[in-house]
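User: Please take a close look at one part of this model, the pairing of charged side chains. I would then like that part placed in the context of the fold around it.

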Amino acid sequence: MPKLAPWLQRQLRALLSRRGHAWLLHGPSGLGQYELALALAQAWLCEQSSAEGACGHCPACLGFERRTHADLCALLPETHALVLDWPLDEKAQQEIEEKKRKPSKEIRVEAARQMVSFTQTTHLGSKGQVVFIHPADRMNTVTANTLLKTLEEPPGATRFVLTTDAVHQLLPTIRSRCQSHAMEMPTTDEAQTWLIEQGIPADEVQTLWRASG
């Protein structure tokens with residue numbers, strides 16, 4: 001995974017220092033919920049994780065970055081999965097390729113049911129299982145209700161990380177079963193230094209920062 005921006009790395013350290021089997025990362029769009037959730041999920045599965053996060057080179061990290069880790073289950077709308085390079089299950093892939101239907105913009109209830117079955121299997125690695133849900137507000141009521149019991153009482157060592165930029169759209173029952181983390185804004189100095197490190201000319205940085213709101 002690409003190196004986290006410093007304000008996301010700071011939040012990752014804080015999350016890893018706290019206990020909890022289910023985290024909901026929420027805040028306005030563009031604050032890095034997806035990147036932070038991925039880093040947290042990878043650290044949970046890493047065989048040599050530290051207070052800073054995943055090592056990035058153990059077999060678990062390599063499997064995570066290839067999206068093939070056997071103890072990782074990702075729930076995304078099919079439209080998001082295609083853009084973000086997450087694999088679809090074989091049946092969904094075939095239906096979309098054969099133009100039998102369009103990719104779903106919601107997290108389908110079939111995917112939630114597969115997740116429940118996933119958590120009921122024995123984990124293969126030493127760190128348990130991780131369920132990654134992005135964005136959680138794309139679950140309809142049926143999908144969310146399918147998730148509830150497993151989210152409240154996960155079997156074995158299963159942990160969840162959910163993201164949203166529309167927390168008000170989540171069922172209260174989903175919110176109540178998660179520990180909440182409000183995404184933090186970078187400081188002006190952090191953001192401007194990071195933009196320069198990304199190759200943005202220094203004379204354009206302040207303009208871009210102001211335009212970002």
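Analyst: **Salt bridges and their setting**

R10 and E190 join their side chains in a salt bridge, with 2.4 Å from N to O; the term denotes a side-chain nitrogen of Lys or Arg within 4 Å of a carboxyl oxygen of Asp or Glu. R10 belongs to helix 1 (residues 6–16) and E190 to helix 9 (residues 188–197), so this pair ties together parts that are 180 residues apart in sequence. Helices (H or I, at least four residues) and strands (E, at least two) are DSSP runs numbered from the N terminus.

The model is predicted: local features require pLDDT of at least 70 and side-chain atom pairs count only at pLDDT 80 or more, while totals for chains, interfaces and linings use all residues. Residues are numbered from 1 along each chain as its sequence is written, and side-chain values use heavy atoms, with hydrogens and water left out.

The two partners of this pair fall into separate accessibility classes. R10 has 30% relative accessibility and therefore counts as partly exposed, whereas E190, at 19%, counts as buried. The classes are buried for under 20% relative accessible area, exposed for over 50% and partly exposed in between, with a 1.4 Å probe and protein chains only.

The structure holds 10 salt bridges. Another of them links K100 to E98, with the closest N and O atoms 3.2 Å apart. Here K100 is exposed, at 61% relative accessibility, and E98 is partly exposed, at 42%. Salt bridges that share partners also join E78, E95, R101, R108 and E110 into one network. A further salt bridge brings together the side chains of K149 and E153 at 3.7 Å from N to O, and both K149 and E153 are exposed.

A polar contact elsewhere involves a histidine. H134 sits in the loop between strand 3 (129–133) and helix 7 (141–152), and its 12% relative accessibility makes it buried. Its side chain meets that of T163 in a polar contact of 2.7 Å. Such a contact is a pair of N or O atoms within 3.5 Å; within protein, one must be able to donate a hydrogen and the other to accept it, and residues adjacent in sequence count only if both atoms are side-chain atoms. Setting aside residues up to four places away in sequence, H134 touches Y34, L75, L76, P77, H80, L84 and T163, where contact means heavy atoms within 4.5 Å.

Strand 4 (residues 158–164) runs parallel to strand 1, and five bridges join them; two strands pair if DSSP finds at least two bridges between them. W23 stands opposite V161 in strand 4. Strand 1 also pairs in the parallel sense with strand 5 (residues 179–182), over four bridges, and there H26 stands opposite A182. Strand 1 itself spans residues 22–26, and five of its five residues are buried. From this strand A22, L24 and H26 point one way, and W23 and L25 the other.

As for the whole, the protein contains 10 helices and five strands. Its radius of gyration, taken over C-alpha atoms, is 18 Å, close to the 17 Å that the globule rule gives for 213 residues, so the protein is as compact as a globular protein of that length; the rule is 2.2 Å times the number of residues to the power 0.38. Of the 213 residues, 44% count as buried.
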